[in-house]
Amino acid sequence: MAIPHAWTAGIVTLAFGLGVGLLPWPATAQSDPTATWRERILHQLRTIQQQALQQALQAERRIQAAEQVLQQSRDALAAAQASGNASAAQTAAQAQARAQVALERARYLRDTAHRSAERADTAVQSLQRASFAEASHASDALLALQTGRVFIDRPEQPVTPGSADTATLLRSGDTVRTTAGSQARFFLADGHSQLTVDHSTVLTYRDEQQRTGLDLLYGRIRLAIEKWAKSFEVHTPTAVCAVRGTRFSVGHDSVAAVTEVRVIEGVVDVRPRQAGSTAIAVPAGTRLLLHPDGQLQGPLPLDVSPDELLDSIF
């Protein structure tokens, strides 16, 4: 669903000010430390599902309130018009317009929360169907949910299509390719942090002893990273992004050779790939463009899209 540009500020206000719509960072599983990686991810998915359903209920209450105000303003407008009171009619018309916008926002937030809950439920079923009992390597990530065609290229092995029905392991050195209209959602090695690979994207996953790295050839990825025990970087053909615990996205346009970093929470340090270049801190609520000649543009104010706010967790 395309969301009008004018909604953005209102959705942000609604999400933060009214406590409706912005799916909260799922609480870290407080399970037995000996619990398997798979169990931790299942716990996380069920937490996401529960929180999304709670958000949907809150949004439903906002819908009911907005519908009530909308009807009252319509009645007031009709009465003002019947009495010829132009001033009262104008006030009622303005109230009606505000109530209509609030109603549409709340419906969008409700529908988004329902989709998040449905995705989490699908991922739970996908993980339960998987035949592996535990990831065989501590660096493995998990393809928990996909839509459309997603491929995993493993060195010296045939290309493997991701399964829409069963969770698939992603190992260090694997390359993920998504086609037009497709998307892949992963849990990383800690069992909590998440990676979304958007459509028409090529990404290589690397997890080594001292660092975790994502090499983004082109396309866009979104991350929700908890505190990481070692270095975590995203590399594009023009930029290196050093991650602290944060929510952000990185996109690289292969035609223009421009990288864009958009930070929702936390801080991302970005520098050109040229040797000796200096990093710049990109804080929450800003974005930065990095051009092929190494020029940094920003940080600029971030015009946050509803998708980034509401769909970046799951």
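In this report, helices (H or I, at least four residues) and strands (E, at least two) are DSSP runs, numbered from the N terminus. By this definition, the secondary structure of the protein chain comes to four helices and 17 strands. The model is predicted: local features need pLDDT of at least 70, side-chain atom pairs count only at pLDDT 80 or more, and totals for chains, interfaces and linings use all residues. Residues are numbered from 1 along each chain as its sequence is written, and side-chain values use heavy atoms, with hydrogens and water left out.

## The chain as a whole

A residue is called buried under 20% relative accessible area, exposed over 50%, and partly exposed in between (1.4 Å probe, protein chains only). Of the 314 residues in the protein chain, 48% are buried. The accessible surface comes to about 14600 Å², and 52% of this area belongs to carbon and sulfur atoms. Such areas come from the Shrake-Rupley method with a 1.4 Å probe; for residues, only the protein chains shown count as cover.

Contact means heavy atoms within 4.5 Å. Among the contacts with a separation of 6 or more, 55% join residues 24 or more positions apart.

## Helices α2 and α3

The expected span of a helix is 1.5 Å times one less than its number of residues. Helix α2 has 47 residues and reaches 69 Å from its first C-alpha to its last, close to the 69 Å expected at 1.5 Å a residue. Helix α3 (residues 86-129) has 44 residues and should span 64 Å; its end C-alpha atoms are 65 Å apart, which agrees.

Gln44 is found in helix α2 (residues 37-83). With 0% relative accessibility, Gln44 counts as buried.

Just after α2, Gly84 takes a positive phi of about 75°. A polar contact is a pair of N or O atoms within 3.5 Å; within protein, one must be able to donate a hydrogen and the other to accept it, and residues adjacent in sequence count only if both atoms are side-chain atoms.

## Salt bridges

A salt bridge is a side-chain nitrogen of Lys or Arg within 4 Å of a carboxyl oxygen of Asp or Glu. By this rule the count comes to 15 salt bridges. The table gives three of them.

| Pair | N to O distance |
|---|---|
| Arg171 and Asp140 | 2.5 Å |
| Arg211 and Glu233 | 3.9 Å |
| Glu265 and Arg247 | 3.1 Å |

In the salt bridge of Arg171 with Asp140, distant parts of the chain are linked: Arg171 is in the loop between β4 (168-170) and β5 (175-178), and Asp140 is in the loop between α3 and β1 (141-147), 31 residues apart. Asp140 is buried, with a relative accessible area of 1%.

In the salt bridge of Arg211 and Glu233, Arg211 lies in strand β9 (residues 211-225) and Glu233 in strand β10 (residues 231-235), so the pair ties together parts that are 22 residues apart in sequence. Arg211 is partly exposed at 21%, whereas Glu233 counts as buried at 17%.

In the salt bridge of Glu265 and Arg247, Glu265 lies in strand β13 (residues 258-265) and Arg247 in strand β12 (residues 246-253), so this pair ties together parts that are 18 residues apart in sequence. Glu265 counts as partly exposed at 32% relative accessibility, and Arg247 as buried at 2%.

Glu60, Arg110 and Asp111 are also linked in a network of salt bridges.

## Loops and the final hairpin

Ser182 is found in the loop between β5 and β6 (183-187). This residue counts as buried, at 3% relative accessibility. The side chain of Ser182 reaches the backbone oxygen of Thr179 at 2.5 Å. Leaving aside neighbours within four places in sequence, Ser182 is in contact with several residues, including Val150 and His199.

Two strands pair if DSSP finds at least two bridges between them. Strand β16 (residues 286-290) and strand β17 (residues 296-301) pair in the antiparallel sense over four bridges, and Leu289 stands opposite Gln297 in β17. Their hairpin has five residues between the strands, and there Gly294 takes a positive phi near 90°. Pro299 is also placed in strand β17, and the peptide bond from Gly298 to Pro299 is cis, with omega near 5°.
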